[in-house]
Amino acid sequence: MTAPSFTLLFVVALSLTLAVRLWLAARQIAHVSAHRDATPAAFASRIDAASHRKAADYTVAKQRLGMLETAVDAAVLLLVTLGGGLAWLLAATQALDAPALVRDVLLLVGVSVIGGVSALPFSWWRTFRIEERFGFNRTTLATWVADLAKGIAVGAALGLPLAFLVLWLMKSAGAYWWLLVWIAWMAFQLLVLVLYPTLIAPLFNRFSPLPPGDARERIERLLARCGFRSSGLFVMDGSKRSAHGNAYFTGFGRAKRVVFFDTLLARLAPEEIEAVLAHELGHFRLRHVMKRVLWSAVLSLALLVLLAWLAGAPWFYAGLGIPPAGVAAAMARPGVALALFMLALPVFTFLLAPLSSAYSRRHEFEADAFAARHASAPALVAALIKLYEDNAATLTPDPLHSAFYDSHPPASIRVARLTALAAASG
Ligand SMILES: [Zn+2]
């Protein structure tokens, strides 16, 4: 490989990714708009025309902003790589009177700041314009700014030590540094998993025990029936930020917690809450969570091997905007290879997204079937329809857009399968 041919490969992959993303978004907007005025027959009795139109308008508004963000992201990526942004950061940090490791960490911080700053206006617009217009936003500017500050603090507290460790291993651990970095990365993820429920999540939300009552009794019986041990059932004040509802598990091993958004509890009947939780339990019992973790472990090891190879190839640097005279200096600084790798990788992996989406949708069907066995399928259907309506999620996605991106099957297919399961079990 030569530098010019790698540049060409990068530009072709970036153009292809950009074109496919914009084309899929345009398809989604056209499809949803075309079905705006007719609620699908299977939902017509439970979702009124006004809610269906609102879901269409909300979906289109989010897609339009997404298209702009996609274009801006591509432009920023070009500026940072071929436009010389990283080469500039390299020279600026090279000139600092600081240890090599500190200079490399500052380089990574610089790249993160560029990414963060370019994403910020979109985050603001999404929250205070789109979510606001459709009546979902409950975040004040003060909460939004506090979230941002806390997010940066947590990111720095966790990310900086990790960056120091990874860069030090890359520089000093010899030919097999990628194996040691992989072990460090796995340990880091485990640490975050342990810290998240007890230390990180409480920085952003208040958690209180699920109060006694019909819902709690049903949930405890369901957990006992499925042989599931958890260290607590909690309610989270999701309504502080948004009207959207959710339920999730957090932690691992015996320290697992079940968390319900207050917005979900307020909206669903106890039997429906039980069905939603049964679906989430299905993900655990059917080892979906474990499979995901294993996949990501294998994948990250493969990517580190790839990074180790690219870090030793001059064309990788010169092909992504480091001037020929600076390549030798760049190769002596592992931070440059790491930054270029993280910037360029999504461009080459984007077309694999449908594989991951399809894998995830298969798990959703399996978890739905689990919920139908251990709780009530009609209750899950009722809960899903309420959640679709409350979240203004479209019932009529473009099939190709959905196949490409959606981690969850389209509403109509999901509800049809659950209805068939309910009918089969009498
Ligand atoms: Zn699921």
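Mentor: Helices (H or I, at least four residues) are DSSP runs, numbered from the N terminus. This is a predicted model, in which local features need pLDDT of at least 70, side-chain atom pairs count only at pLDDT 80 or more, and totals for chains, interfaces and linings use all residues. Residues are numbered from 1 along each chain as its sequence is written, and side-chain values use heavy atoms, with hydrogens and water left out.

Trainee: Why is aspartate 398 called buried?

Mentor: Buried means under 20% relative accessible area, exposed over 50%, and partly exposed in between (1.4 Å probe, protein chains only). Aspartate 398 has a relative accessible area of 2%, and is therefore buried. Its salt-bridge partner is arginine 27, with the closest N and O atoms 2.8 Å apart. Arginine 27 lies in helix 1 (residues 3-34) and aspartate 398 in the loop between helix 15 and helix 16 (399-405), so the pair, 371 residues apart, links distant parts of the chain.

Trainee: Why does arginine 27 count as partly exposed?

Mentor: The relative accessible area of arginine 27 is 30%, so the residue is partly exposed.

Trainee: How do you know that valine 117 is exposed?

Mentor: Valine 117 has 53% relative accessibility and therefore counts as exposed. This residue lies in helix 4. Together with Leu96, Leu106, Val109, Val113, Leu160 and Phe164, Val117 forms a nonpolar patch on the surface, with about 530 Å² of accessible area together. Such patches are made of residues with over 30% relative accessible area and no salt bridge, nonpolar side chains (Val, Leu, Ile, Met, Phe, Trp, Tyr) being joined within 5 Å. Accessible areas come from the Shrake-Rupley method with a 1.4 Å probe; for residues, only the protein chains shown count as cover. Helix 4 supplies the largest share of the patch, 4 residues.

Trainee: What makes arginine 36 and aspartate 57 a tie between separate parts of the sequence?

Mentor: Their side chains meet in a salt bridge (2.8 Å, N to O). Arginine 36 lies in the loop between helix 1 and helix 2 and aspartate 57 in helix 2, so the pair ties together parts that are 21 residues apart in sequence.

Methods
Patches are made of residues with over 30% relative accessible area and no salt bridge: like charges are joined within 9 Å, nonpolar side chains (Val, Leu, Ile, Met, Phe, Trp, Tyr) within 5 Å. A salt bridge is a side-chain nitrogen of Lys or Arg within 4 Å of a carboxyl oxygen of Asp or Glu. Helices (H or I, at least four residues) and strands (E, at least two) are DSSP runs, numbered from the N terminus.
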